[in-house]
Structures are given as structure tokens and as C-alpha cells.
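Trainee: Could you take me through one part of this structure closely, and show me how it sits in its surroundings? I'd enjoy a connected walk from the whole chain down to the detail.

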Amino acid sequence: MVILNILLYAFGSILVGLTFMGIGRKVTARVHLRYGPPFYQSIMDVIKLLSRKSITHNFVMDLGMIMSLAGLIGTMLYVPISGHTAFISNTNIVVIMYLMAIGYLGMAMAVAASGNPNAAIGVSRALTMMLGYEVPFFTVILGLIIFNNSSSVAVIAASQAGSIWNWNIWHMPLGYIAAEITLQAMMGEKPFDAMIAPAEIASGPMVELSGKYLGLGFLTHAVSIFVETGLIVNFFFGGGANPIDFVLKQLGVYLVAVIFDNIFPRYKIEQAVKFLWIFPMGLAVVQLLLLAF
Amino acid sequence: MQILDYAKEEQKKQEDQKLWDKVINYFRKRSLWMLHYCTGCGAMELPPILTSRWDIERFGVGPMATPRQADILLLTGYVSTNTMKRVIRTYEQMPEPKWVLAFGSCTVNGGMYWDSYNTVNNVGEYIPIDITIAGCMPRPEAILDSMIELMDMIQRGEAKAFQKYKENYSYYKENQDRLFKRTKPVLESSALRYIHDENGGEQ
């Protein structure tokens with residue numbers, strides 16, 4: 001039963017994440033005044049990638065890709081979807097924050113093992129970006145924990161039940177803005193997409209990934225979208241009355257990120273970290289002080 | 001007679017396509033990522049097919065930055081003998097299944113550079129080409145048309161040039177070697193050879 005539950009959550013999140021990616025591509029196309037691919041394009045891409053021949057460099061590369069996907073699916077199991085979680089835990093923010101890093105570290109391990117200099121540059125940029133966004137995001141979460149006297153995502157989501165005016169977005173708007181900016185960096189959208197940068201470093205971390213490995217990378221990205229938007233929905237938009245409500249709210253959060261992605265150019269990595277440490281961090285600290293006193 | 005047998009064999013192979021192949025071919029044709037090796041003026045026709053007028057992304061075709069992830073190699077325009085080495089290297093880095101699309105008359109017969117000393121006439125002798133688009137330059141409509149033709153070929157299981165390359169490698173390799181004998185690296189020209197040899201002696 002538990003295994004069935006885990007499989008259901010894993011496949012569900014992957015499917016939802018891939019559909020979001022497809023819808024994001026469609027929205028991007030409409031912003032460019034194009035027709036755009038169908039919304040299930042990402043699913044077709046992944047099936048094609050899994051059917052291709054692929055190149056592996058060594059065992060660490062295989063292990064790293066699996067580790068990153070497994071790490072993010074493990075994270076996803078702790079994110080409550082309208083009150084339901086695969087694993088019940090009452091301090092799951094700590095677990096989520098701890099496990100989320102494993103996904104990115106696995107990806108770093110895999111692509112660094114390939115030995116391509118572009119991949120190494122991309123990974124070093126991605127890890128530097130992680131340093132930039134985790135500090136403000138954790139500060140916002142610290143504010144939430146103090147506000148709710150609990151480190152359980154489910155409790156924080158449940159405390160906002162009732163009406164729209166109970167949502168945390170109205171209680172802590174500065175924290176929400178900080179979290180939204182850091183979300184942009186977490187998902188690697190512009191202006192914080194220095195690690196992908198196809199024009200400069202040939203897709204960065206993905207440069208050596210071919211076929212099945214890139215397919216796994218797609219799946220990892222899909223789960224990471226699900227986890228990150230799911231956290232924002234749980235923290236600021238009151239979770240969701242039912243799973244469909246939850247997914248629709250996630251889609252809203254994701255589309256805001258995609259539209260911002262389309263209208264911004266790219267920061268250099270040092271500018272991005274500087275920006276993240278000044279503006280979202282400042283907002284988060286002000287929010288924390290307002291909550292504490 | 002041999003040609004007829006070959007055609008019959010191909011026909012039989014298509015009819016024998018298993019259901020699994022048909023399903024996978026559907027996904028392959030709906031998600032073609034292209035690596036454009038832009039050597040000549042054909043590159044100018046690519047921005048229009050990617051942007052709002054002839055948006056090719058609606059067929060799932062999109063640009064990719066590295067050969068590891070690409071399905072189609074686009075050769076746009078003439079290829080010189082030195083460029084050919086890079087083209088072959090790029091082509092051989094792409095994982096299977098892979099397809100090659102050649103643009104314009106330059107790739108067919110050298111085009112307006114057909115008697116130039118360093119331009120490759122008929123790229124098809126050195127790497128296998130699935131579809132060649134005629135024209136100088138082909139219009140974006142022609143490129144779209146060729147993409148759709150390639151998709152049909154993939155669905156029918158006919159686009160197998162990469163297998164042709166593997167099966168007839170000796171033929172292609174011989175042609176490539178003959179071509180590369182004609183070219184010498186710039187650093188080994190008569191004026192620089194002496195200095196170069198003294199510094200390392202590497203050819």
C-alpha cells in the first residue's frame with residue numbers, strides 16, 4: 001500500500017510537472033506571437049529521449065542522474081497536496097529543505113563526472129546560484145515557522161483555511177515577494193538562468209547529457225517544478241481544498257514565473273547573487289523583524 | 001535486378017514494422033531537435049522559420065546547442081574541405097537515431113562554388129544525407145515542407161541514412177580520406193613549417 005502510494009505520488013508529480021512545462025512553452029510562444037507546440041509536447045520529448053541511444057562517461061554519471069531524480073521525488077513525498085502526504089511527518093520543512101539540495105547535488109555530480117568544461121562551468125554557476133537563493137528563502141521560511149509556531153507544511157497550509165483573506169500572502173506580502181523572486185532563481189528562469197545559457201556555455205549542465213540521461217534530467221526538472229510551486233502554494237496560497245484546486249494554484253504560480261522569464265534578460269552570476277542577497281534578503285529580513293516584534 | 005530486390009526488401013521491412021516501432025516513430029517524428037551547422041547563407045533562412053511567421057516549434061522542432069542532444073543535423077550551404085572535418089566530427093558525436101538535412105544547391109553540387117579548389121561538391125559522398133532541399137536559397141516554406149517530409153519518412157521507417165553510414169563506412173571513409181589529402185593545415189604551409197617543427201614537431 002505504501003509503495004503503491006509512493007508510485008502514485010511520483011508518477012502524478014512527474015506528469016503534472018511535464019504538463020506544466022508544456023503549458024509554459026505554449027505561453028512563451030503566445031508571448032512571442034507564435035502558435036506554439038501542443039501542451040503535451042514535453043511528454044513526447046521525454047518518451048523520445050528515453051527511446052534514444054545515449055552516451056555515458058562513467059558510473060558516477062549514471063549514479064548522479066538517478067540520485068538527483070530520487071532526491072527530488074523523495075522531497076516530493078513530504079510536500080502535502082491539499083493535506084495528503086505520502087509520509088506523515090510533523091517537522092517536514094526541515095526534511096524538505098534538506099532533501100531538495102540532494103537533487104541539485106546529484107545533478108552536479110553527474111555532469112561534473114562527464115568532464116566537459118562547459119558542464120563544469122554550468123554546475124559551478126548552478127551551485128553559486130543555490131548559495132544566492134537559499135539564504136533569502138530560508139529566512140522567509142523562518143518567518144513562517146515563527147508566525148505559525150510549527151515547522152510542518154501541512155499545519156502552515158491548514159492555518160490558512162477558511163477564506164481567501166486568511167492566506168499568508170496578505171499576512172506577509174514582503175515575504176511573498178522575496179519567495180517569488182527566489183522561486184524564479186530556484187527554477188532557473190530568467191533573469192537567473194546563468195547556469196543554462198545556451199548561447200554562452202551550450203546548455204551548461206546538460207551539455208554532455210544525451211538520450212536517456214537528458215530524459216532523466218527532464219523528469220528531474222518536472223518534479224522540481226512540482227515541489228517548488230507546491231511549496232509556494234502551501235506557504236502563501238492556503239494549500240488547496242482538493243488536489244485539483246492545488247494543481248490549478250500551482251499552475252498560476254508557474255505561469256507567473258514563465259511570464260517573468262519571457263520579459264527579462266539574463267544576469268551574470270555575480271550580479272544575480274548580489275541581487276538575491278540584497279533585495280529578496282532585505283525584504284525577507286524586514287518581514288522577519290515585522291513578525292518578530 | 002539487384003535494385004529491384006533491394007526495393008522489395010525495403011517494402012517488406014516497412015510492412016513488417018512492429019507496433020512498438022510505429023509508436024516510437026510517432027514520438028520521434030513529433031520531437032525533432034536540430035543542430036544547425038551554419039556554414040553558408042542558408043543560415044539566414046532559419047530565423048524566419050523559428051519566429052512568429054513560420055513558427056516551426058508547433059511541430060516540436062527546436063534548436064539545440066550541442067550534438068549530444070540533437071536529432072537532425074542541418075547543413076546550410078556550401079561546405080569547405082576544412083569545415084568537412086568538423087561536420088563529420090559533429091555528425092559522429094550525435095547519438096542514434098540521427099538524420100541529416102542539406103540545404104540549397106551548394107550541398108548538392110557545389111552551387112556557385114562548384115569549381116573552387118576548397119569547396120566540397122556533393123556533400124552526400126562524405127556523410128549520408130536524408131533529404132536535400134533544392135534552391136539557392138530555399139525559401140522557408142521549402143524547409144518546412146522538407147521537415148514534414150522527413151517526419152513522414154520517419155513514421156514510415158524509411159529515414160535510415162545513419163544505418164547506411166554504418167553499413168557502408170569504408171566507402172564514406174575512403175571518400176573522406178581522399179578529400180582530406182587535398183587539404184593541409186594552415187600552420188604547415190611552407191613559410192611556417194620550419195618554425196612549427198622546431199617548437200614541437202607535432203603535425
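Mentor: Happy to! Let me begin with a term: accessible areas here come from the Shrake-Rupley method with a 1.4 Å probe. By that method the accessible surface of chain A is about 12300 Å², and carbon and sulfur atoms own 75% of that area. Please keep in mind that this is a predicted model.

First, the setting. Chain A has twelve helices and zero strands, so its pattern along the sequence is simply α-α-α-α-α-α-α-α-α-α-α-α. A compact globule of 293 residues would have a radius of gyration near 19 Å, and the 18 Å of chain A agrees with that. Along the principal axes, the C-alpha atoms of chain A fill a box of roughly 55 × 50 × 40 Å. Of the 293 residues, 56% count as buried. Among contacts in chain A with a separation of 6 or more, 80% come from residues 24 or more positions apart. As for charge, chain A carries 14 positive and 12 negative charges, and their mean positions are 8 Å apart.

Buried here means under 20% relative accessible area. The buried residues are Gln41(A), Ser42(A), Met44(A), Asp45(A), Val46(A), Lys48(A) and Leu49(A).

Arg34(A), Lys48(A) and Arg52(A) supply 27% of the area that chain A buries against chain B, more than any other three residues. Lys48(A), you'll recall, is also one of the buried residues of α2(A).

One last stop, over in chain B: Ser80(B) lies in the loop between β3 (72-76) and α4 (81-93). Ser80(B) is buried, because its relative accessible area is 15%, under the 20% cut-off. Leaving aside neighbours within four places in sequence, Ser80(B) is in contact with Asn118(B), Thr119(B) and Val120(B).

Technical notes: Residues numbered from 1 in each chain as written. Chains lettered and ligands numbered in written order. Predicted model: local features only at pLDDT ≥ 70, side-chain atom pairs only at ≥ 80, totals over all residues. Heavy atoms only, no water. Helix = DSSP H or I, 4+ residues; strand = E, 2+ residues; numbered from the N terminus. Rg over C-alpha atoms; globule rule 2.2 N^0.38 Å. Buried < 20%, exposed > 50% of the residue type's maximum accessible area, 1.4 Å probe, protein only. Contact = heavy atoms within 4.5 Å. Lys, Arg positive; Asp, Glu negative; His and termini not counted. Charge placed at Lys NZ, Arg CZ, Asp CG, Glu CD. Buried area = accessible area lost by both parts, 1.4 Å probe.
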